[in-house]
Amino acid sequence: NFPQFLCCGSSAMNKSVDRGVLYGRPFGGVMTLIRRNLEKFTKIISATDRCVIVVVGNVLLCNVYLPCSGTKDRTCICEEILNNIVYCRSKYPELTCIIGGDLNTDLNRDDNITSLINRFCMEHRFTRCDLFHGAHVTFCNDALGTESHIDYFLCSDLSIVSNYDVLDVNLNLSDHVPIIINCNTEHFSVSDENQFSNKPNAESDVSYLRWDRADLDGYFMLTGSY
């Protein structure tokens, strides 16, 4: 629970939890957190399992999670996500657009997905925020002994970005290393002219039982006795 933030995300994890006990590593989708004091300047444009697009002031924020190698119809999924970004951006052409997330490919290497993304950046004039700060590892799996650079920020106007960094945190429960950008406030302006009349989302009706809301202590004791 993040009471100080407005949560803009997909319902992929909720759907997985609703269906029953989770097995293995579930696909959890993406989520964007916006501070509550910016809520009236925020509008959710699109929210799917792999892409959340939000307008905040004069900036169009796109949070993406592209499929990894081996995913069925990977190229088609990536094309659909990028086309959705192009469509949403066409409705707000005056806004600076920032794309961030796990692209699941190294943009410095040569493969089909890398070529697709680099061509997208060239055609729509996006610049990688990491280019002027040197390459850094953003994914590291100690068990498999692998590491790569697959997380990125792409920006349509690099002047908005004052800093890019790959964070070295002591406690990190993910195999991804956090990346961060800072934006100049003069470019990230909010005013009365770009307020949105956001209405709170109604609670979704649950028409089936939720295992995670059951008597878990009783379940533990019963399974233990058998």
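Asp130 is buried, at a relative accessible area of 3%; buried here means under 20% relative accessible area, exposed means over 50%, and partly exposed is in between (1.4 Å probe, protein chains only). Its salt-bridge partner is Arg128, at 2.8 Å from N to O, and Arg128 also counts as buried, at 10% relative accessibility. Keep in mind that this is a predicted model: local features need pLDDT of at least 70, side-chain atom pairs count only at pLDDT 80 or more, and totals for chains, interfaces and linings use all residues. Residues are numbered from 1 along each chain as its sequence is written, and side-chain values use heavy atoms, with hydrogens and water left out.

**Salt bridges**

- Side chains of opposite charge can pair when their charged atoms come close.
- The cut-off used here is a side-chain nitrogen of Lys or Arg within 4 Å of a carboxyl oxygen of Asp or Glu.
- Searching the whole structure turns up 3 salt bridges, one of them being the Arg128 and Asp130 pair from the lead.
- Asp106 and Arg109 make another, with 3.5 Å from N to O.
- In that pair, Asp106 is buried because its relative accessibility is 13%, while Arg109 sits out in the exposed class with 55%.
- Arg36 pairs up with Glu39, and their closest N and O atoms are 3.2 Å apart.
- Both ends of this one are partly exposed: Arg36 has 39% relative accessibility, and Glu39 has 27%.

**The cavity**

- Rolling a probe the size of a water molecule over the atoms shows where empty space is left.
- A cavity is a set of points, on a 1 Å grid over the protein atoms alone, where a 1.4 Å probe fits but cannot get out; lining residues have an atom within 4 Å of a point.
- The structure has 1 cavity of 30 Å³ or more.
- The largest cavity holds about 30 Å³ of space, a volume being the space filled by probe spheres set on the grid points, which are joined across faces, edges and corners.
- Its lining is made up of Val64, Leu66, Leu82, Ile99, Leu103, Phe120 and Leu154.
- By type, that lining splits into 7 nonpolar residues, no polar and no charged (Ala, Val, Leu, Ile, Met, Phe, Trp, Tyr, Cys and Pro count as nonpolar, Asp, Glu, Lys and Arg as charged, and the others, Gly among them, as polar).

**Nonpolar surface patch**

- Leu167, Val169 and Ile180 together make a nonpolar surface patch of about 180 Å².
- Patch residues have over 30% relative accessible area and no salt bridge, with like charges joined within 9 Å and nonpolar side chains (Val, Leu, Ile, Met, Phe, Trp, Tyr) within 5 Å.
- The areas come from the Shrake-Rupley method with a 1.4 Å probe, and for residues only the protein chains shown count as cover.
- Val169 is partly exposed because its relative accessibility is 35%, and you'll find Val169 in the loop between strand E11 (161-166) and strand E12 (179-183).
- Helices (H or I, at least four residues) and strands (E, at least two) are DSSP runs, numbered from the N terminus.

**Loop residues to look at**

- Asp73 has a positive phi, near 55°, and is not a glycine.
- Asp73 lies in the loop between strand E5 (59-65) and helix H2 (74-91), where its 48% relative accessible area makes it partly exposed.
- Arg125, also not a glycine, has a positive phi near 60°.
- The loop between helix H3 (112-124) and strand E7 (127-128) holds Arg125, which is exposed at 70%.
- Gly57 is in the loop between strand E4 (51-56) and E5, and Gly57 is buried at 3%.
- Although Gly57 and Leu38 are 19 residues apart along the chain, 8.2 Å separates their C-alpha atoms.

Definitions and conventions:
1 Å grid on protein atoms, 1.4 Å probe; cavity = no way out; pocket = protein on both sides within 12 Å on 5 of 7 lines; lining within 4 Å.
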